[in-house]
Amino acid sequence: SSGRIKDALSKIAADQKALWEGKKIGWAHKGTVDLLPESTISIDSDGNILDGRVVVAMLTIISTDTTGDMGDKLNTHLKSPDFFDTANHPVAVIDATSVSWSTVTANVSIKGITKVMSFPVTLTKDGDGYLMSAELNIVRKDFGIADSLLGKVALEDTFMIKLDKVAFMR
C-alpha cells in the first residue's frame, strides 16, 4: 500500500446485513444475510481503504420477497447442499488482498471454494465511522452453486451480493 499511513482499524457496527439478489428472465428473488462482528476494514489517514475482511453468516440467509410456505421452501433450499450448504459452510468470506483507488481485489470464499475477484467499493465518512458500499457479481458455477431453483427454474449465471452502506465504527 505505497507507504500510506494506516489510520484506523474499524470494526463492523452491530446488526449489519448484506443484500443478495438472484434472477431469471423477468423475475428475481431478493433477501438478506447477516455480517459477522469479526468483519473489519483498515483505513488510511485520507479515508481510503487499505484492506479489509467481511465475514458473512450464511446460516442467516433468507429471502425477503417470498413469505409463507414458498418462503420457507426457498429459505431451506438456499441453505441446502446444492446451493450454499450452510451446514458444512456456515460462513463466506470476502478478504481484501489489495486496493487500488476505489477497486478492491479480494479472495472471495463461498462453500470452501476461493476465487479472486475485483469490484468497486465506495467509503463515506459517517461521524466517527464509515459507510462502505460494494456490489459483487458472483458466478454461481465458480462456487458449485446450483443452476436451478427447486429443480424447476433456470437461473442467471450470476447472483449479486450488495453491501449497501454497511457501517464500520472506530
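Nine bridges join strand β9 to strand β12 (residues 158-169), and the two strands run antiparallel. In this pairing, N137 stands opposite M160 of β12. The model is predicted. Its protein chain has one helix and 12 strands. Two cavities of 30 Å³ or more are counted.

**Strand β9 and its partners**

- β9 spans residues 129-139 and is mostly covered. Eight of its 11 residues are buried.
- β9 also pairs with strand β8, which covers residues 113-126. Six bridges join β8 and β9, and they run antiparallel.
- β8 and β9 form a hairpin with two residues between the strands. Within this hairpin, G127 takes a positive phi near 60 degrees.

**The chain as a whole**

- From the N terminus on, the order of elements is β-β-β-β-β-α-β-β-β-β-β-β-β.
- Along the principal axes, the C-alpha atoms fill a box of roughly 50 × 30 × 30 Å.
- Buried residues account for 46% of the 170 residues.
- Take the contacts between residues at least 6 apart in sequence. Of these, 59% join residues at least 24 apart.

**The largest cavity**

- Rolling a probe the size of a water molecule over the atoms shows where empty space is left.
- The largest cavity holds about 270 Å³ of space.
- Its lining has 26 residues. W20, L78, F83, F84 and F159 lie nearest the centre of this cavity.
- Several elements each supply at least two lining residues. They are β2 (17-24), β3 (27-35), β5 (49-63), α1 (68-79), β6 (91-100), β7 (103-110) and β12.
- The lining divides into 19 nonpolar, four polar and three charged residues.

**The second largest cavity**

- About 130 Å³ of space lies in the second largest cavity.
- This cavity is lined by 16 residues. V54, A96, V104, F119 and M132 lie nearest its centre.
- The largest share, five residues, comes from β5.
- By type, the lining has 13 nonpolar residues, one polar and two charged.

- T32 sits in strand β3. Its relative accessible area is 14%, so T32 is buried; the cut-off for buried is under 20%.
- Neighbours within four places in sequence aside, T32 is in contact with K17, A18, L19, W20, T60, I61, I62 and T64. Among them, W20 is also one of the residues nearest the centre of the largest cavity.
- I49 is placed in strand β5. With a relative accessible area of 10%, I49 is buried.
- I49 and G112 are 63 residues apart along the chain. Their C-alpha atoms are separated by 26 Å.

**Two loop residues with positive phi**

- D15 lies in the loop between β1 (6-12) and β2. Phi of D15 is near 60 degrees, a positive value in a residue other than glycine.
- D15 counts as exposed because its relative accessibility is 76%, and exposed means over 50%.
- K111 is in the loop between β7 and β8. Phi of K111 is near 55 degrees, again a positive value in a residue other than glycine.
- K111 counts as buried because its relative accessibility is 13%.

Note on methods: Residues are numbered from 1 along each chain as its sequence is written. This is a predicted model: local features need pLDDT of at least 70, side-chain atom pairs count only at pLDDT 80 or more; totals for chains, interfaces and linings use all residues. Side-chain values use heavy atoms; hydrogens and water are left out. Buried means under 20% relative accessible area, exposed over 50%, partly exposed in between (1.4 Å probe, protein chains only). Helices (H or I, at least four residues) and strands (E, at least two) are DSSP runs, numbered from the N terminus. Two strands pair if DSSP finds at least two bridges between them. On a 1 Å grid over the protein atoms alone, a cavity is a set of points where a 1.4 Å probe fits but cannot get out, and a pocket is an open set with protein on both sides within 12 Å along at least five of seven lines; lining residues have an atom within 4 Å of a point. Grid points are joined across faces, edges and corners, and a volume is the space filled by probe spheres set on the points. Ala, Val, Leu, Ile, Met, Phe, Trp, Tyr, Cys and Pro count as nonpolar, Asp, Glu, Lys and Arg as charged, and the others, Gly among them, as polar. Contact means heavy atoms within 4.5 Å.
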